[in-house]
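Q: I would like to learn how to read the features of a protein model. Can we work through one together?

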Amino acid sequence: MANRSGSSQTAPSRGPYIAVITNRSTTLVIRGFMLFSIGVFLALVLNLLQVQRNVTLFPPDVISSIFSSAWWVPPCCGTASAIIGLLYPCIDCRLGEPHKFKREWSSVMRCVAVFVGINHASAKVDFANNVQLSLTLAALSIGLWWTFDRSRSGFGLGVVIALLATLSTQLLVYNGVFQYTSPDFLYIRSWLPCIFFAGVITMGNIGRQLALYECKLMSEKTHQD
C-alpha cells in the first residue's frame, strides 16, 4: 500500500514538467516560424531592389514570380533567418551574458529600417568606385551593430555567419546559379559581406526580442499560477 501511495503521489509531479517542456517546444516552433516569415518577406523585398537595378541576374527560366526572384531564394533566406534568430538568444544564454541593450520593439523596428536602407544604398546609390561603396557600407554595418547591439557575441557571430554566407554565394555564382553584373571580388561584389553582416545583426535583434517577449509571458503565467 505504501508503494502504491508513493507512486500516486509522485505521478502528478511529472505533469507540470511535461507541460513546461511542451510549452517551450511550442513557443520555439512559433518563434522559428515568425522568424522564417520575416526572413522570406525581407528576401522578397530586398532581392527585388537588387534585380531591378541589375545588380544580380538570374537565368530567365528560374524567375517565377512578380517579385523577380528565383523560387529557392525566399525559403533559403527564411531558413537562415530562423536559425540566426534562434541562435542569438541561445548563445547569450550559454555565455551567461543576457543582452539588455535597447530591448524594446521600437529599437528593433529602427534596426530593420536601417538594414533596409543599407541594402537600398548598395543597389541605388551611385559611388565613384566599388572601394568607396564597400567602405561606406562597412561603416554603416558596423554602425548598425554599435547602435542596436554592441555585444561581443553579436559581433563575432555576425562576422562568422557573414563569411560563411559570402562563401556560399561565391559557390553558387561559380556554379552558374546566378551572377552579379559587375563582380569585383571573386565572382561577387566586395560589399556583399557587409550586407550579410547587417542582416545577421538585424535578425539576431529580432530573435532576441521575440525570446525576451516569450520569457516575459512565461514569467507572468508562472506568477499567476
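Q: Are Asp-149 and Arg-208 buried or exposed?
A: This is a predicted model. In it, both Asp-149 and Arg-208 are buried. The cut-off for buried is under 20% relative accessible area. Arg-208 is at 4%, so Arg-208 counts as buried.

Q: What does Asp-149 form with Arg-208?
A: Start with the general idea. Side chains of opposite charge can pair when their charged atoms come close. Here Asp-149 forms a salt bridge with Arg-208, and the closest N and O atoms are 3.0 Å apart.

Q: Why does Asp-92 count as buried?
A: Its relative accessibility is 5%. Buried means under 20%, so Asp-92 falls in that class.

Q: Which residues are linked in a network of salt bridges?
A: Asp-92, Asp-149 and Arg-208.

Q: How should I read the overall fold?
A: Begin with the elements. The protein has seven helices and two strands. From the N terminus, they run α-α-β-α-α-α-α-β-α. Then take the contacts. Of those between residues at least 6 apart in sequence, 76% join residues at least 24 apart. Burial comes next: 37% of the 225 residues are buried.

Q: How much of the accessible surface belongs to carbon and sulfur atoms?
A: The share is 67%, out of a total of about 13100 Å².

Q: Which residues form a nonpolar patch on the surface?
A: Ile-142, Phe-155, Val-159 and Leu-163. Together they have about 330 Å² of accessible area. Helix α6 (residues 152-174) gives the largest share of the patch, three residues.

Q: Why is Leu-163 classed as exposed?
A: Look at the relative accessible area. Exposed means over 50%, and Leu-163 has 55%, so Leu-163 is exposed. Leu-163 lies in helix α6.

Q: Which residues does UniProt list for "transmembrane region"?
A: The unreviewed UniProt entry lists residues 28-49, 69-88, 131-148, 155-174 and 186-206. Compare such a record with the model's own coordinates. Residues 28-49 are 100% helix and 0% strand, with end C-alpha atoms 32 Å apart. Residues 131-148 are also 100% helix and 0% strand, and there the end C-alpha atoms lie 26 Å apart.

Q: How many disulfides are there?
A: First, the idea. A disulfide is a covalent bond between the sulfur atoms of two cysteines. In this model the count is zero. Take Cys-76, which is in no disulfide. The nearest cysteine sulfur is that of Cys-77, 6.9 Å away.

Q: Is Cys-194 buried or exposed?
A: Cys-194 counts as buried, because its relative accessibility is 13%. Cys-76 is partly exposed, with a relative accessible area of 44%.

Methods. Residues numbered from 1 in each chain as written. Predicted model: local features only at pLDDT ≥ 70, side-chain atom pairs only at ≥ 80, totals over all residues. Heavy atoms only, no water. Helix = DSSP H or I, 4+ residues; strand = E, 2+ residues; numbered from the N terminus. Buried < 20%, exposed > 50% of the residue type's maximum accessible area, 1.4 Å probe, protein only. Contact = heavy atoms within 4.5 Å. Areas by Shrake-Rupley, 256 points an atom, 1.4 Å probe, with all protein chains shown as cover. Patch = residues over 30% accessible without salt bridge, like charges linked within 9 Å, V, L, I, M, F, W, Y side chains within 5 Å. Salt bridge = Lys/Arg side-chain N within 4 Å of Asp/Glu carboxyl O. UniProt positions renumbered as here; feature names shortened; annotations may be inferred. Disulfide = S-S within 2.5 Å.
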